[in-house]
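I opened the model and kept notes as I went. The entries follow in the order of looking.

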Amino acid sequence: MRTNKVFMRLQCALVITILAGCSPAPDSLSLTGSSTIAPVMTEIAQHYEAEHKIRIDVQSGGSGRGIQDVRQGLADAGMASRALTPTELAEGLQAHTIAYDGIALIIHSDNPLTELSREQVVALYQGKIDNWSALSLPARPVVIVNKAEGRSTLELFLQEFGLKSEQIKADVVAGENQQVILTVAGNSGAVGYVSIGAALAAESSGATIRTLPLDGIPATTEAIANGSWPLQRPLNLVTRGQPDTDIDALLQYIRHSSDARRLILDYQFVPATN
Amino acid sequence: MTTSSFPQPTDRRDRLLFVLCAISTLVVVALLLLLTVSTVLKAVPALPSLTQALTETNWAPLSGQFGMLAMIVGSLTVSLLALSLAAPLALILAAWLALYSPPLLRAPLRTLYELMAGIPSVVYGLWGLILLVPLVNQLAPPGASLLSAAIVVALMILPYGVLLIDSRLQSVPLTARQAALAAGLPRFAMFRAVYWPMTRDGAVKAMVLQFGRAIGETMAVLMVAGNVVALPDSVLAPVRTLTANIALEMGYADDGHRAMLYLSGVLLLLVAMLTMALVRRNP
């Protein structure tokens with residue numbers, strides 16, 4: 001009998017916990033979107049939570065999802081690794097830049113290739129060069145890794161090289177940056193493109209990939225900081241209308257605290273200066 | 001006293017248990033209904049283009065082309081190939097466990113299969129992406145392919161297959177086993193004449209159920225299948241499955257596109273229901 005009572009109490013406690021979990025916690029923020037921003041945002045959120053009484057949920061799903069979620073009110077702020085379009089601005093969405101990033105082409109570290117011209121990138125992605133021997137490299141079939149539609153990395157890449165989505169002859173379509181990096185790291189004939197921050201971070205942790213220079217400029221955070229890297233983009237938090245006080249406080253923290261600045265640099269991004 | 005055919009529980013604790021069970025059942029049934037109804041409702045706007053979806057292979061959501069045939073073929077081929085890889089292997093492993101393995105090894109092996117069944121699918125996917133895809137790439141690039149996806153899914157359904165067939169084999173009555181032993185049958189004949197006839201139906205059902213699991217698998221497939229929307233011309237070509245497509249695109253999909261994704265969800269639900277019906281039909 002005694003154990004029964006204890007058991008019953010435990011059950012009641014469990015039910016109460018579950019019910020309590022159903023009502024939205026008053027002090028919590030949800031951020032969804034870009035897989036480029038999500039990893040660094042998750043860490044910033046952990047530091048922020050420790051100092052402020054607020055919970056922050058960070059979910060990755062691509063910039064398109066971030067903007068969609070904030071538009072529908074499903075998230076307090078969206079993460080978008082691109083500038084907003086005029087249509088989005090007209091809807092009343094606002095972008096708050098927290099850092100800058102670029103996009104770089106990556107190849108397997110065994111590939112002796114040192115540089116690609118713009119024409120070669122276009123020819124590769126249109127399937128006109130399907131073996132590395134065409135570039136006087138050891139013969140090996142080219143494996144084109146592309147990003148899935150709705151990803152801002154894809155949009156910026158297409159825009160920069162004057163390509164259309166349907167012109168691209170992809171061998172592998174990946175969602176997240178990490179999937180592109182793992183695919184290229186496992187395939188000596190592969191070429192892909194990802195966030196420079198993600199690529200440099202992976203390279204320094206030993207992934208078998210290498211970033212390629214573009215127009216003779218090496219892919220580094222310095223090149224992004226001084227504006228010479230051609231494939232630049234802002235990393236934004238997107239809100240509907242003016243940010244509320246909670247989001248505003250988070251933005252201030254990201255832009256001005258030394259912890260957030262250090263994390264942004266750790267992830268090989270360039271902190272926003274304003 | 002009540003006259004209903006179901007005797008009402010009288011004891012207080014009995015009644016509590018009854019209420020809890022009733023609530024749980026209702027919740028499950030309601031959830032399933034809600035899920036089906038809401039998926040179908042959200043797919044309704046896409047119904048006018050159902051024929052286009054089922055017969056065309058052009059999938060370009062941003063330019064309004066919604067042909068799903070290539071992805072339907074992708075889902076079916078990955079699942080069928082996975083099943084044809086996993087089913088014979090599961091049968092052999094289960095038969096070995098029941099008839100050939102040293103008795104001391106049986107319990108640890110069962111635990112091993114249970115552990116395998118508990119590994120999250122994304123771990124299988126990561127393993128596939130880091131080890132399997134480069135291997136298949138040696139065979140023919142790009143490595144991320146129908147074959148890689150089928151192997152990963154086969155590994156995921158294999159432990160369930162082994163455990164389910166194994167439980168069937170264990171339920172063969174002791175008298176039947178003793179009779180076979182007394183007849184002096186060698187083990188293979190014992191399996192063919194006694195075990196297999198008594199477990200065949202169950203084993204087939206177990207594997208058909210795994211087809212339902214295979215076609216629903218998402219994350220692991222997304223990581224190793226290559227996700228290119230095109231009819232595969234060989235097992236080494238990349239494919240995109242319906243589930244991988246939903247995971248890749250639901251994030252940014254706007255209204256019309258979203259309805260098409262829900263429609264592919266309805267198709268998957270139908271396949272799952274058909275699979276269940278197939279298992280339930282013959283006794």
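In what order do the elements of chain B run from the N terminus on? I read α-α-β-β-α-α-α-α-α-α-α-α-α. Helices (H or I, at least four residues) and strands (E, at least two) are DSSP runs, numbered from the N terminus.

Ground rules next. This is a predicted model, where local features need pLDDT of at least 70, side-chain atom pairs count only at pLDDT 80 or more, and totals for chains, interfaces and linings use all residues. Residues are numbered from 1 along each chain as its sequence is written, with chains lettered from A and ligands numbered from 1 in the order in which they are written.

Entry: chain B overall. I find eleven helices and two strands in chain B. Its C-alpha trace spans about 70 × 65 × 30 Å along the principal axes. Chain B has 283 residues, and 37% of them count as buried (20 or more other C-beta atoms within 10 Å of the residue's own, C-beta atoms being placed from the backbone). I then took contacts in chain B with a separation of 6 or more: 74% join residues 24 or more positions apart. A contact means C-beta atoms, placed from the backbone, within 7 Å.

Entry: a helix pair in chain B. I looked at α10(B), residues 242-249, and α11(B), residues 255-281. Their axes come within 10 Å and cross at roughly 150 degrees. That makes α10(B) roughly antiparallel to α11(B) (angles over 145 degrees). The axes are lines fitted to C-alpha atoms over the stretch in contact, and angles run from 0 to 180 degrees between N-to-C directions. From α10(B), I list B:Leu242, B:Thr243, B:Asn245, B:Ile246 and B:Glu249; they meet B:Leu261, B:Ser264, B:Gly265, B:Leu267 and B:Leu268 of α11(B). The residues of this contact divide into five nonpolar, four polar and one charged.

Entry: where A touches B. I get 23 residues of chain A in contact with 22 residues of chain B. On the chain A side, α3 (63-71), β6 (172-174) and α7 (177-185) give two or more residues each. That side divides into seven nonpolar, twelve polar and four charged residues.

Entry: α2 of chain A. Which residues of α2(A) are buried? They are A:Ala38, A:Pro39, A:Val40, A:Met41, A:Ile44, A:Ala45 and A:Tyr48. Their cover includes β1 (28-33), β2 (55-60), β3 (77-80), α10 (245-256) and α11 (258-266) of chain A.

Terms used. A residue is buried if 20 or more other C-beta atoms lie within 10 Å of its own, exposed if 12 or fewer, and partly exposed in between; C-beta atoms are placed from the backbone. Two residues are in contact if their C-beta atoms, placed from the backbone, lie within 7 Å. Ala, Val, Leu, Ile, Met, Phe, Trp, Tyr, Cys and Pro count as nonpolar, Asp, Glu, Lys and Arg as charged, and the others, Gly among them, as polar. Angles under 35 degrees count as roughly parallel, over 145 as roughly antiparallel, 65 to 115 as roughly perpendicular and the rest as oblique.
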